[in-house]
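Biologist: Hi! I'm new to this one, could you walk me through it?

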Amino acid sequence: MTSVPRTSSVHHAQDEIDFFNIVQSLWRRKGLVFSIGLLCAVLGASFAYLVTPEYEVSTVLRPVALNDLDSLNRSKIYNLPPEKALRRVGAALDSYDTRWNFFRSRPELVSAYSTSGQTPEQAFSNFNTQGLQLVQPDPKKADLLSSYVGVNMRYAAGLDGAAILNDFVAYAIDRERLQLTEDLQVIIGNRLAEIDANLKSAVSEYEANKESRIARLVEDDDIKRAQLQDELKALRVQLKMRREARLAQLDEAVSIAKSLGLKRPSTPSAMADESLGAASVIRTEVNNQQMPLYFMGADVLEAERNTLRKRNSDDFTEPRIAQIRKELIMLGANRKVETLKARKNEAVFLEGIESLRVERMRLLSINTDMKQLRLVSIDQQAVAPSRPIKPRKALIVGFALLGGLFLGAIVALARGMFKTRLRQLRTLEIEGAAERVVLPGVARSEVRV
């Protein structure tokens, strides 16, 4: 009979992967697997306990109540709703300048965040990018109840992170209060300057109006005085001409009276009685015409003429002249002008500036000291954590152990495969040697047949 070699079928069966064989191989080498896993766990624990722990603290700010900002908003100088105040404080917390000034004021931060050879600016860059983080809600949510600003701070062991973060929040709020105080002072100063300019303009306008009024009063007095003096001159000329006319009339009347022999006052009827002689006649005279002047008689007319010639002034004969003199004397001193010039407190007489004065007093009474103003409500103070966030020792050890077990399994499988391969190679060598021994005998048997 002929023997058929089964080497290929054996090799094919051996190359197939058997899960049971893998598990059995791992179980046989479980000591190696657990040893490598334990070694990796020890290395992971060493790393976890040697690395510097990193802690994290956080604080949350929320808007204050409306009554906390009521005094500021009622001043009508600065409108600051609670949500806007929260945004301002959040911007201050996120401000590079605020963080840098606070960082410089804390030497322990400079030393904690700087390594050898680093400048303070480089240390602050580490603190700014790695240490602080601002947390804000979704800007699409405008609800006041959901508005908040959070600040997270990560720091290494050795720092009092909770106190530092609380101090940083207080520092940012104080800076914002100071900025608000400066804003109020500038706004009030600008408005006071504007009101003072308006008051000064009103005073200038008042002075100009007063000077104009005084000038008009003086001018009216001058015009009236000149008119009265002109009237007085005209009246005197009129009275003089009237006196001269009277003298001319008297001269003519004296001449007529002398020619008629009338020395004493007489009448036409009396003259008629003298011409009738002894006749007794009773006459009734009705005459509506003025009696001629010469009937006054020469003596009376000459006496009047002499008196008129001796007269130095005719002012007493005209009542209007006395009135004019009275008016001229009154025009000698204008009491309105004197009163206007004698005013000491000009501001009392300014008109239309009451509202400016009231506003100025209101602005001066506004308290610009915002040290006690509550801008935000600290909903959550930073509290020292009980354990660090990095490294997570249990997690590191667990992952190291799992990784070590996985690595040990790989090493165990590789070692098993290597030994199995060596065993197969030895088996193949033995089988090959046996075939070489059997084949010559087979050939002899075939020859006999």
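Biologist: Let me start with one spot. Which residues does serine 58 touch, not counting residues up to four places away in sequence?
Modeller: Serine 58 touches Val151, Asn152, Leu165, Gln380, Gln381 and Ala382, where a contact means heavy atoms within 4.5 Å. Please keep in mind that this is a predicted model, in which local features need pLDDT of at least 70 and side-chain atom pairs count only at pLDDT 80 or more, while totals for chains, interfaces and linings use all residues. Residues are numbered from 1 along each chain as its sequence is written, and side-chain values use heavy atoms, with hydrogens and water left out.

Biologist: Thanks! Where does serine 58 lie?
Modeller: Serine 58 is in strand β1, residues 54-63. Helices (H or I, at least four residues) and strands (E, at least two) are DSSP runs, numbered from the N terminus.

Biologist: And how far is serine 58 from asparagine 166 in space?
Modeller: Their C-alpha atoms are 9.1 Å apart, and the two residues are 108 apart in sequence.

Biologist: Is serine 58 buried, exposed or partly exposed?
Modeller: Serine 58 has a relative accessible area of 25%, so it counts as partly exposed. Buried means under 20% relative accessible area, exposed over 50%, and partly exposed in between, using a 1.4 Å probe and protein chains only.

Biologist: Let's zoom out. How many helices and strands does the protein chain have?
Modeller: The protein chain has 15 helices and four strands. It has 449 residues, and 28% of them count as buried.

Biologist: What about the accessible surface of the protein chain?
Modeller: It comes to about 30,300 Å², with 56% belonging to carbon and sulfur atoms. The areas come from the Shrake-Rupley method with a 1.4 Å probe, and for residues only the protein chains shown count as cover.

Biologist: What share of the contacts with a separation of 6 or more is between residues 24 or more positions apart?
Modeller: That share is 82% in the protein chain.

Biologist: Now the helices. At what angle do α5 and α9 pack?
Modeller: Helix α5 (residues 82-93) and helix α9 (residues 161-260) pack at about 120°, and their axes are 9 Å apart. Axes are lines fitted to C-alpha atoms, for helices over the stretch in contact, and angles run from 0 to 180 degrees between N-to-C directions. So α5 is oblique to α9. Angles under 35 degrees count as roughly parallel, over 145 as roughly antiparallel, 65 to 115 as roughly perpendicular and the rest as oblique.

Biologist: Which residues make that contact of α5 and α9?
Modeller: From α5 there are Arg88, Val89, Ala92 and Leu93, and the α9 residues include Phe168, Val169, Ala172 and Ile173. The residues of this α5 and α9 contact divide into eight nonpolar, one polar and three charged. Here Ala, Val, Leu, Ile, Met, Phe, Trp, Tyr, Cys and Pro count as nonpolar, Asp, Glu, Lys and Arg as charged, and the others, Gly among them, as polar.

Biologist: How does α6 pack with α9?
Modeller: Helix α6 (residues 96-104) and α9 pack at about 125°, with axes 10 Å apart. That makes α6 oblique to α9. Among the residues that meet are Asp97 and Phe102 in α6, and Ile164 and Tyr171 in α9. The contact of α6 with α9 has five nonpolar, two polar and four charged residues.

Biologist: And at what angle do α9 and α11 pack?
Modeller: α9 and helix α11 (residues 298-310) pack at about 155°, with their axes 9 Å apart. That makes α9 roughly antiparallel to α11. Leu247, Leu250 and Val254 are among the α9 residues here, and Leu301 and Leu308 are among those of α11. By class, the contact of α9 with α11 has eight nonpolar, no polar and eight charged residues.

Biologist: Where is glutamate 244 found?
Modeller: Glutamate 244 is in helix α9. It is partly exposed at a relative accessible area of 43%, and its C-alpha atom is 8.9 Å from that of arginine 309, 65 residues apart along the chain.

Biologist: Last one: what is the phi of lysine 76?
Modeller: Lysine 76 has a positive phi of about 60° although it is not a glycine. Most residues other than glycine have a negative phi. Lysine 76 lies in the loop between α4 (70-74) and α5, and counts as exposed at 65% relative accessibility.
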